[in-house]
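These are notes for a colleague who is opening this structure for the first time. They go through helix packing and then a few single residues.

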Amino acid sequence: MIMGGTNFVMHYHIMKGKWRNMLKDIEVRYMFLFIVLATIIIAFNLLQHNVYNHDIITTFRHALFQVISILTSTGFQTTDINVWPALSFHVLIILMFIGGSVCSTASGIKIYNIVLMIKSVWWEIQSIYLPKNIVVRRKLFHDNKEIDITFMMVKSVLIFIITYILLFVVSTIILLVFCNDFQIAYSIVAGSIGNTGLGPSYINTSIPDIVKIVLIFDFLAGRIGLWPALLPLVYLNNNIQNRYNKNFKYDG
């Protein structure tokens, strides 16, 4: 699961014997950081609520497996996460949003984009305390090389994240029209866009057609990417505007 959620370019570098650079890659570092932090939080929370009779090994095993399964969009399940405490359940929801690495089989916003936003916030805070005439080089080690981070790169990633969140919000609102449970609604949408395959038992053949259409679109957006999924909508919008402009005549 970890290999599937890792950048395939990293696999190539490893086969070429450049495995040392893998330890420097910002995505690999943060992937394991997210796995460790999420596993520790969930394990302590499960032990606190005595979900597995204070069995530390069983608790840790379920926590680690579900964290990796959801972060990499694999979707395997060794236990019913719907009975987990609220903190553990929502940590998994956050992992659905994060997803795996760029150029991997995982869905989600992608670890590189999340890291870039985290770094950008930190750089912006740092700039407040620095003299205005100082130019600081912003860079990240990724894909076996150092990448200079520009304003346009940050802007592009920010727009992508905002679009991802907007899709999540709109889809959740549509589901709430037919489902009165807010947690079920946003859990299903997060699992659909994240392509994890995990969600409440609300999903069945009897759900309304509009809900099926929304979730199908979310599945596609999470799998092929937001921009390819939204391109047909842009194409339809442009056609409608062109027809309107042709039929509209201005009398000066």
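1. The model discussed here is a predicted one. In it, the axes of helix α2 (residues 26-48) and helix α4 (residues 86-98) cross at roughly 160°, so α2 and α4 are roughly antiparallel to each other. Their axes come within 9 Å, and the crossing in which α2 passes α4 is left-handed.

2. From α2, the residues taking part are Phe34, Ala38, Ile41, Ile42, Asn45 and Leu46. They meet Leu87, Ser88, Val91, Leu92, Leu95 and Ile98 of α4. By type, the residues in the contact of α2 with α4 comprise 10 nonpolar and 2 polar, with no charged ones.

3. Helix α4 can also be looked at by itself. It consists of 13 residues, and the distance from its first C-alpha to its last is 19 Å, close to the 18 Å expected at 1.5 Å a residue. Just after α4 comes Gly99, which has a positive phi of about 75°.

4. Which residues of α4 are buried? They are Ser88, Phe89, Val91, Leu92, Ile93, Leu95, Met96, Phe97 and Ile98. The cover over the buried residues of α4 includes α2, α3 (56-71), α5 (111-128), α6 (151-178) and α7 (182-193).

5. Helix α2 also packs with α3. Here the axes are 8 Å apart and the angle is about 140°, which makes α2 oblique to α3. The crossing of α2 past α3 is right-handed, whereas that of α2 past α4 is left-handed.

6. On the α2 side, the contact with α3 is formed by Met31, Phe34, Ile35, Ala38, Thr39, Ile42, Ala43, Leu46 and Leu47. On the α3 side are Ile56, Thr59, Phe60, Ala63, Leu64, Val67, Ile68 and Leu71. The residues of the contact of α2 with α3 divide into 15 nonpolar and 2 polar, and none is charged. Phe34, Ala38, Ile42 and Leu46 are among the α2 residues that meet α3, and they are also among those that meet α4.

7. A further pair is α6 with helix α8 (residues 209-224). Their axes come within 10 Å and cross at roughly 160°, and α6 and α8 are therefore roughly antiparallel to each other. In this pair, α6 passes α8 in a left-handed crossing.

8. For the contact of α6 with α8, Leu167, Ser171, Ile174, Leu175 and Phe178 come from α6. From α8 come Ile210, Val211, Val214, Leu215, Phe217, Asp218 and Ala221. These residues of the contact of α6 with α8 comprise 10 nonpolar, 1 polar and 1 charged.

9. Is Thr163 buried or exposed? This residue lies in helix α6. Its relative accessibility is 18%, so Thr163 counts as buried, given that buried means under 20%. Apart from neighbours within four places in sequence, Thr163 is in contact with Leu226, Trp227 and Leu230.

10. Tyr235 sits in helix α9 (residues 226-247). Because its relative accessibility is 55%, Tyr235 counts as exposed. The C-alpha atoms of Tyr235 and Ile114 are separated by 29 Å, and along the chain Tyr235 and Ile114 are 121 residues apart.

Conventions
Residues numbered from 1 in each chain as written. Predicted model: local features only at pLDDT ≥ 70, side-chain atom pairs only at ≥ 80, totals over all residues. Heavy atoms only, no water. Axes fitted to C-alpha atoms, helices over the stretch in contact; angles between N-to-C directions. Helix = DSSP H or I, 4+ residues; strand = E, 2+ residues; numbered from the N terminus. Parallel < 35°, antiparallel > 145°, perpendicular 65-115°, else oblique. Left-handed = near helix turned anticlockwise from the far one by under 90°. Contact = heavy atoms within 4.5 Å. Nonpolar A, V, L, I, M, F, W, Y, C, P; charged D, E, K, R; others polar. Expected span 1.5 Å × (residues − 1). Buried < 20%, exposed > 50% of the residue type's maximum accessible area, 1.4 Å probe, protein only.
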